[in-house]
Amino acid sequence: MDFPILSALIALPVAGGLGVLLVRRDELALPLSITSSLVTLGGAVWLLFEFESGEAGFQFVEKSTWHEPWGVGWHLGVDGISLLLVVLTAFLFPIALLASTSVTHRVRQYMASMLFLQAGITGVFLALDLLVFFIFWEAMLVPMYFIIGIWGDERRIHAAVKFFLYTAFGSALMFAGILSLGFLVSDQLGGPTFDFVELLGADLTRTAQFWLFGAFGLSFAIKVPIFPFHTWLPDAHVEAPTAGSVILAGVLLKLGAYGLLRFNLTLFPEASVDLVPVLAVLAVIGILYGAIVAIVQTDIKRLVAYSSVSHLGFVVLGVFALTTQGLQGGVIQMVNHGLTTGLLFLLVGMIYERRHTREISEFGGLASVMPLFAGAFLFTAFASIGLPGLNGFVGEFFVLIGSYLSLPGYAVAAAFGVVLAAVYLLWAYQRMFTGEITVEANRGLGDLNLREKVIIVPMAVLIVFLGVYPKPALDIIEPSVDAVLERIEEKTDYVVPEFGSTTDIAVEVGE
Amino acid sequence: MNLDFLAVAPTVAIVAAVVLLLMVDVTFKVGHRWWGFAAALGFIGATTASVWQWVEHRGADGELFYSGMLSVDGFSSFAGMVIFPVAGLGVMAGWQLVRGVGKRGAEFVALAMVAASGAHLMAASADLVLLFIALEVFSISLYVLAGFSRKGDGADEAALKYFLLGALASAVFLYGVALVFAATGTTSMYGAQSFLDATLILRPGVLLAGIALLLVGLSFKVSAAPFHVWAPDVYQGAPGGVTGFLAAGAKIAGFAALARVLVVPLGGYIDDWAPAIAVISAMSVVIGTLFAIAQTDLKRMLAYSSVAHAGFIMTALVAGPAGVADMWFYVATYSLQVVGAFAIASVVSGALTGKSPLSDFTGLAIRSPMLAAAMALFMLAMAGIPLTAGFVGKAAVFRAAIDADYLWLVILGLVAAVGGLFFYLRVIVLMYMQPSAEGVPAPRVPLGAGVAVSVTALVTVVVGFVPWPLLDWVRAAIPL
């Protein structure tokens with residue numbers, strides 16, 4: 001048997017976390033945890049290069065049965081949809097840990113929580129057994145709850161409990177869904193099973209699909225978050241410590257969109273096709289609403305938090321466009337959002353460490369004292385807006401093309417989200433960085449130090465790389481999303497619109 | 001008459017240890033070390049005997065002994081394997097109380113052992129009359145234990161309340177036994193089973209009334225709503241050192257009796273009692289959760305949470321025999337969490353006092369990190385968070401209920417479980433996210449409580465990660 005690399009990706013952070021707890025030296029906590037996360041990153045990069053691009057199925061599969069009567073077992077695998085998200089997770093954690101030097105109390109518990117969180121998130125992306133998936137999904141809440149609740153800002157307890165309860169409520173329904181799904185198919189598959197690949201072989205009635213889509217979908221919608229289930233997000237993001245926000249925005253939110261794509265579209269295709277209008281409407285509302293609310297924020301961290309609602313709306317729109325380009329765009333947008341919003345939160349954290357405020361009005365003219373920082377912020381803002389040549393453009397472009405093929409009206413409305421993104425980010429930049437220094441306290445601020453540069457540079461490199469040459473990433477994603485669409489076409493009478501086949505485009509070209 | 005020493009070995013071990021304990025204590029006045037030694041002897045002996053029974057009898061048809069009074073099968077032996085260790089841990093956790101009441105400590109230990117033996121007999125009795133006697137042996141010991149500290153702050157009230165309501169419930173139960181006897185002509189559970197299987201009762205009114213009364217009586221013992229009103233006062237009033245034993249013991253014994261009564265004699269009437277069980281379960285889950293949210297005292301909060309847990313456990317019983325294994329899994333793991341959580345409460349708030357205000361736990365993570373970590377673990381386990389035994393228990397009972405087409409009950413239970421997070425998380429918030437009050441010393445952890453907390457926490461985590469062996473075992477713990 002091959003080396004179980006996927007299990008190792010989950011086990012390594014756990015081992016690191018236990019190590020940090022057992023070594024009773026606070027000053028060793030940071031080096032130890034960063035080492036652990038870098039080793040994990042090494043494993044993830046190895047996985048990236050060993051992965052057979054162009055294959056649709058799961059690779060590096062590990063499978064063994066745990067408990068026959070329940071039909072539950074350890075089943076891991078990675079495909080084009082999850083691979084980039086796994087790598088993104090492994091990439092963001094060392095950076096987030098490096099950005100955690102301002103954590104000064106209970107350092108070991110903090111680092112251990114972060115590493116356990118990493119293991120949980122990786123597990124969610126890799127698990128192919130629904131019960132194991134759920135275990136990771138729910139277990140991951142606990143470290144995040146502690147991270148927000150212990151090391152967050154003033155209203156941290158409120159935010160932590162709200163975060164936990166919202167997510168747990170969603171998961172409760174999903175758990176009922178998973179259990180009933182496992183038993184619903186037991187007649188067809190000869191015994192209850194929670195194995196995702198086996199479940200794909202079962203036929204569900206239309207009614208069952210709708211109920212189960214609802215049970216799974218609500219949980220994922222809360223996580224994404226899809227409007228109107230987003231109200232936990234600003235609180236959690238704002239109150240979490242910098243690294244917590246980075247991980248929340250960077251990878252945690254992706255779990256919801258990933259779940260919709262991985263489970264809802266494939267297991268409940270009929271329901272998915274029928275519910276496209278509902279989700280598309282909610283996605284577009286999310287895009288526009290998130291952006292408009294972001295414009296009026298006075299707290300820069302809250303602004304970035306609401307921008308996430310808007311960006312994740314693009315992801316959901318892409319996924320439910322049910323076209324190759326839309327799905328590809330959705331997946332790549334998840335990665336892009338993880339990088340750009342992650343970096344924005346890091347930058348906000350850096351300025352917060354200097355000034356201990358995040359009110360936009362407390363800043364002004366910072367570019368003259370912190371030119372490098374201002375440059376980095378502008379760069380990230382452009383990436384987030386979707387300037388061609390940077391990564392944000394690729395994702396939004398694909399999502400808009402993909403959704404224009406199947407949902408032209410929604411695509412047009414969503415395009416305004418891009419404009420609004422320019423408004424809230426550039427206006428914030430203008431108020432914070434341009435002009436004269438308005439607040440005396442800002443005059444003595446130092447520019448980026450070495451540690452901060454080490455944090456920013458790798459992310460900036462990836463942002464440019466994915467913006468200029470996204471082909472390898474798109475090639476990894478395409479076969480897997482095509483397989484999802486083929487399955488939908490096979491199970492329903494939905495036909496995926498081909499690129500260039502819609503009549504109105506043909507008319508335009510003809511004229 | 002089928003006489004077999006192994007069938008009564010657990011009971012004999014306990015009774016012998018109790019007699020030895022009291023005789024030696026009266027004669028030589030050797031003090032608490034001897035009590036501990038005798039208790040260990042009794043509990044270890046009884047556990048060993050239960051394991052032996054398990055090895056001999058699990059998976060096979062139950063054998064009846066002593067004129068059909070006792071049944072030895074996977075069910076009764078597994079019950080012994082749960083009851084005696086849990087009771088031992090409970091007594092260990094309350095050792096501060098034993099030492100704190102002076103010479104009366106010997107009585108405490110003896111009563112706890114007798115109660116454990118009664119609890120085991122409740123699971124093993126094959127005759128409704130013996131079941132009633134076992135129930136009384138168990139209950140009367142607990143009435144005394146609940147008021148044991150004799151301190152003014154509610155212990156007397158708790159004991160009296162427990163006694164009066166408990167006596168009423170016993171009477172109701174006994175009436176149920178009488179009505180079942182009237183309907184079937186026998187008090188033997190297996191006799192009633194074969195009678196009911198072979199006979200079509202055209203007017204089952206008497207039998208159904210009997211079933212209802214049995215249900216009410218046993219629901220009282222397991223503190224299921226709406227028969228739960230005693231639980232909060234008793235849990236809060238009883239001295240800290242005994243509450244864990246009391247809570248865990250009542251759950252194990254009550255559910256063992258309930259499962260056997262429902263599945264063996266009344267198994268053919270599942271369509272009549274399953275809906276009733278479902279309603280009681282739903283009420284317990286909802287009422288327990290809602291009332292727990294409003295509490296400011298940890299023990300009172302855990303009392304209401306135990307009402308909710310009684311509901312969760314009953315969720316498994318709607319599936320009839322198929323749910324018994326899942327019920328056992330939940331009962332076994334939950335009873336350990338209860339013992340652990342109350343052991344911590346007795347360390348933090350005192351083993352002789354009744355009340356345990358939540359404010360005692362403020363900032364505990366700073367003062368005593370290990371204690372806080374264990375408490376957080378028990379809270380998460382009771383809330384049903386994965387990678388703890390509590391999650392597997394919930395998965396097990398909900399799985400059984402879904403298989404029996406009680407989806408509404410499962411959804412209600414899951415939503416209530418989320419509601420439960422409100423109060424479980426509050427304890428964690430207090431311990432971890434609030435600063436410790438100035439000048440409050442770290443609680444000193446006595447050896448017994450320390451061992452009890454460590455063992456229960458360890459089992460909770462290990463079973464959370466690797467539940468498969470236990471899940472396999474409980475499948476053999478069905479009354480046949």
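A strand is a DSSP run labelled E of at least two residues, and B:Glu63 sits in one of these, strand S1 (residues 63–65) of chain B. Keep that idea in mind as you look around this predicted model. Chain A holds 21 helices and 2 strands, while chain B holds 20 helices and 2 strands. Let's take the chains one at a time, then see where they touch.

**Chain A as a whole**

- If you follow the C-alpha trace of chain A along its principal axes, it spans about 70 × 70 × 40 Å.
- Buried residues make up 59% of the 511 residues in chain A.
- Among the contacts in chain A with a separation of 6 or more, 79% come from residues 24 or more positions apart.

**How confident is the prediction for chain A?**

- Chain A has a mean pLDDT of 87, and 97% of its residues reach 70 or more.
- Residues 501–511 of chain A are another matter, with pLDDT staying under 50.
- For that stretch the model has 3 contacts beyond four places in sequence.
- Where pLDDT is low, the predicted coordinates should not be read in detail.

**The hairpin in chain A**

- Strand S1 (residues 59–67) and strand S2 (residues 72–78) of chain A run antiparallel and are joined by 6 bridges.
- Together S1(A) and S2(A) form a hairpin, with 4 residues between them.
- In the turn you will find A:Gly71, which has a positive phi of about 65 degrees.
- To see the pairing for yourself, look for A:Ser64, which stands opposite A:Trp74 in S2(A).

**Where chain A meets chain B**

- The contact between the chains takes 23 residues from chain A and 22 residues from chain B.
- On the side of chain A that touches chain B, the elements giving two or more residues are S1, helix H5 (130–139), helix H6 (141–151) and helix H7 (156–184) of chain A.
- Which element gives the most to this side of chain A? H7(A) does, with 13 residues.
- The residues on this side of chain A divide into 19 nonpolar, 3 polar and 1 charged.

**Chain B as a whole**

- Chain B has a radius of gyration of 21 Å, which agrees with the value near 23 Å that a compact globule of 480 residues would have.
- The C-alpha atoms of chain B fill a box of roughly 70 × 60 × 40 Å along the principal axes.
- Of the 480 residues in chain B, 64% are buried.
- Residues 24 or more positions apart supply 81% of the contacts in chain B with a separation of 6 or more.

- Helix H16 (residues 369–383) of chain B reaches 21 Å from its first C-alpha to its last, close to the 21 Å expected for its 15 residues.
- H16(B) is largely enclosed by the rest of the structure, because 12 of its 15 residues are buried.
- The buried residues of H16(B) include B:Leu371, B:Met375, B:Phe378 and B:Met382.
- After H16(B) comes B:Gly384, with a positive phi near 85 degrees.
- Helix H17 (residues 389–403) of chain B also has 15 residues, and its end C-alpha atoms are 21 Å apart, in agreement with the span it should have.
- H17(B) is mostly covered, with 14 of its 15 residues buried.
- Just after H17(B), B:Asp405 takes a positive phi of about 65 degrees.

- B:Asp326 lies in helix H14 (residues 321–349) of chain B.
- Is B:Asp326 buried or exposed? A residue counts as buried if 20 or more other C-beta atoms lie within 10 Å of its own; B:Asp326 has 28, so it is buried.
- Beyond its neighbours within four places in sequence, B:Asp326 is in contact with B:Ala316, B:Ala396, B:Val397, B:Arg399 and B:Ala400.
- B:Ala396 is 70 residues from B:Asp326 along the chain, yet their C-alpha atoms are separated by 5.2 Å.
- B:Glu63 has 17 other C-beta atoms within 10 Å and is partly exposed.
- Setting aside its neighbours within four places in sequence, B:Glu63 is in contact with B:His57 and B:Val72.
- B:Thr27 is 36 residues from B:Glu63 along the chain, and their C-alpha atoms are separated by 41 Å.

Key
Residues numbered from 1 in each chain as written. Chains lettered and ligands numbered in written order. Predicted model: local features only at pLDDT ≥ 70, side-chain atom pairs only at ≥ 80, totals over all residues. Contact = placed C-beta atoms within 7 Å. Expected span 1.5 Å × (residues − 1). pLDDT = per-residue confidence, 0-100. Pairing = 2+ DSSP bridges. Nonpolar A, V, L, I, M, F, W, Y, C, P; charged D, E, K, R; others polar. Rg over C-alpha atoms; globule rule 2.2 N^0.38 Å.
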